[in-house]
Amino acid sequence: MSENIENILPSWEAEAFIQNLQPIELDDVGTKRWFEHHKKLMLLNQQSVFEVNSLREENIKEWFVSFNKIPVLVVEAIQIMIWKQKVFPIMIDLHKEPANTFILFSVFYHEDTVVSLLENVMYHSDSVETMDESVIDLIDYAVNYLTKLLYSNKKKIKENPDSCLQELLEKKDQIEFSIGMRSISILRYLAEFADQLPLCALSRMLTTNDVPYLLSQLIEHQPWKVENEGTWKIYNGKWEDITDNDKDKICKMEGQAWFGLRELLLNPKCAPYYDITEFRMAQLIKLQKYLQDHVLDQLTPLIDLKRWLGYLNVSSQTPKAPKPINVEIIPEISTSIREKYNKRWKRLAEHQAKTLFTTDIEYVQSMAQILSDAYDFDKLDVIESKKCVCKKVAKHRCSRCKEASYCSRECQVKDWPKHKSLCESIIKSKAKFSNDSSLE
């Protein structure tokens, strides 16, 4: 059974990966070297999630801290974000339709993998303490994705794509939504450990980017919730259909937004960097209507925030604190990448398109083979929480198709009349794919 898996990676191998981890050059995206690098980060992320979910000692986090490698993750995430802004659109203009989605999807997914690692390690205060000025870049990066959450259309289920390009763009949107959700957590952790942050980082969050306003807007617009033939919310990273009994249940991202807001508004160290103007006061007071009893019952620390907002509402004067002397630091990582490739974006796109838009099936298969260990389904089942048809946590899979998950034999037998035809279809599809691959 997959439950008996001890680790995704042996400890010595994970430690060596992290100790020697260096950001890969943007020029190498899509090459064999890049795919090997991508595989290492995927496995490190899986091991990190495994350690968190199984309540084990978080060795991955410890090694990222002790070897001072968290800034490497920040560089990796920002590089792909800039690549998507500058290089990918030129490729589409030049080549229109990609022959396959696998390689380009891997580039998009790389960013989500890196941010997932960041989300896990930033949960701990010592991670914040060891960060250098890369925290400024991380704040700007997370704010960028929070802004996207607010001003892009919410989608629960993708439409059937008509082309490889449409399919790729759908996947890109889904990954960016996932990164946006993770960015809420990252900003919450930075807010929680504000006392360990350099003053320039606090200024960046509060004065330059107005993170409290962004979080208040997220709470108001609720991107983690959609109305689509019922109410859907994100739980455990997936959209779930919410019953009437669970409609008031707070999801993780909603809680993270609330806690991040509370930490930034109530921490005395933050006050000098955040003037409560009339506009900000009006926006913050709106939040009172969302702090209902069912929210306070689940998130009791918000009682203090409700009390503080009540004070704002009745006070004729806004609370003010002496303004500190502030020296603004420019985000170096993003600036250096843009300066390095300035006026070279088209040349880079033309060069990388030879690999990323390749029609060479053997090359695509060889790159997929590199990642095969990272897609071990037995290991993935351990780190990914599966749900049974009864909504309980599933620990067993259908022995035939390996796709359906159940919490017990009883649920499997009950679901068999519905699952039977789908099970047979999956088996036939896998057999056909296996035969086609062998012919190639």
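These notebook entries record what I looked up in a predicted model of one protein chain.

**Basis.** The model is predicted, so I kept local features only at pLDDT of at least 70 and side-chain atom pairs only at pLDDT 80 or more, while totals for chains, interfaces and linings use all residues. Residues are numbered from 1 along each chain as its sequence is written, and side-chain values use heavy atoms, with hydrogens and water left out.

**Overview.** I found 20 helices and 7 strands in the protein chain; these are DSSP runs numbered from the N terminus, helices being H or I of at least four residues and strands E of at least two. Of the 440 residues, 49% are buried, where buried means under 20% relative accessible area, exposed over 50% and partly exposed in between, with a 1.4 Å probe and protein chains only. I then looked at contacts, meaning heavy atoms within 4.5 Å. Among contacts with a separation of 6 or more, 76% join residues 24 or more positions apart.

**Cores.** I took a nonpolar core as a set of buried Ala, Val, Leu, Ile, Met, Phe, Trp, Tyr and Cys residues joined through side-chain atoms within 4.5 Å. The largest has 130 residues, and those with the most contacts inside it are Leu 44, Phe 64, Trp 83, Leu 190, Met 205 and Trp 258. Helix H9 (residues 164–192) gives the most to this core, with 12 residues. Another core lies apart from it and has 7 residues, including Cys 398, Cys 401 and Cys 423. I also listed the partners of Trp 83: leaving out residues up to four places away in sequence, Trp 83 touches Leu 26, Val 29, Phe 88, Met 91, Leu 104, Val 107, Phe 108, Gln 352 and Leu 356.

**Helix H15.** Helix H15 (residues 302–314) has 13 residues and reaches 19 Å from first C-alpha to last, close to the 18 Å expected at 1.5 Å a residue; the expected span is 1.5 Å times one less than the number of residues. Which residues of H15 are buried? They are Leu 302, Leu 305, Trp 308, Leu 309 and Leu 312. Seen down the axis of H15, the buried residues fall within an arc of 110°, so they line one face of the helix; the arc is that of the directions from the helix axis to the C-beta atoms. Arg 307 and Val 314, on the other side of H15, are exposed. The cover over the buried residues of H15 includes helix H12 (252–266), helix H13 (278–285) and helix H14 (293–298).

**Sheet.** I traced an open sheet of 3 strands in the order E1-E2-E3, with antiparallel pairing; two strands pair if DSSP finds at least two bridges between them. Strand E1 (225–227) and strand E3 (238–242) are the edge strands, each pairing on one side only. Strand E2 (residues 231–235) and E3 pair over 5 bridges. Trp 232 stands opposite Asp 241 in E3, and Ile 234 stands opposite Trp 239 in E3. The hairpin of E2 and E3 has 2 residues between the strands, and Asn 236 takes a positive phi near 55° there.

**Loops.** Thr 101 is in the loop between helix H5 (88–95) and helix H6 (102–121). Is Thr 101 buried or exposed? Thr 101 is buried, because its relative accessible area is 12%. Beyond its neighbours within four places in sequence, Thr 101 is in contact with Cys 164, Glu 167, Leu 168 and Lys 171. Lys 343 lies in the loop between helix H16 (332–340) and helix H17 (345–356) and counts as exposed, at 75% relative accessibility. Phi of Lys 343 is positive, near 70°.
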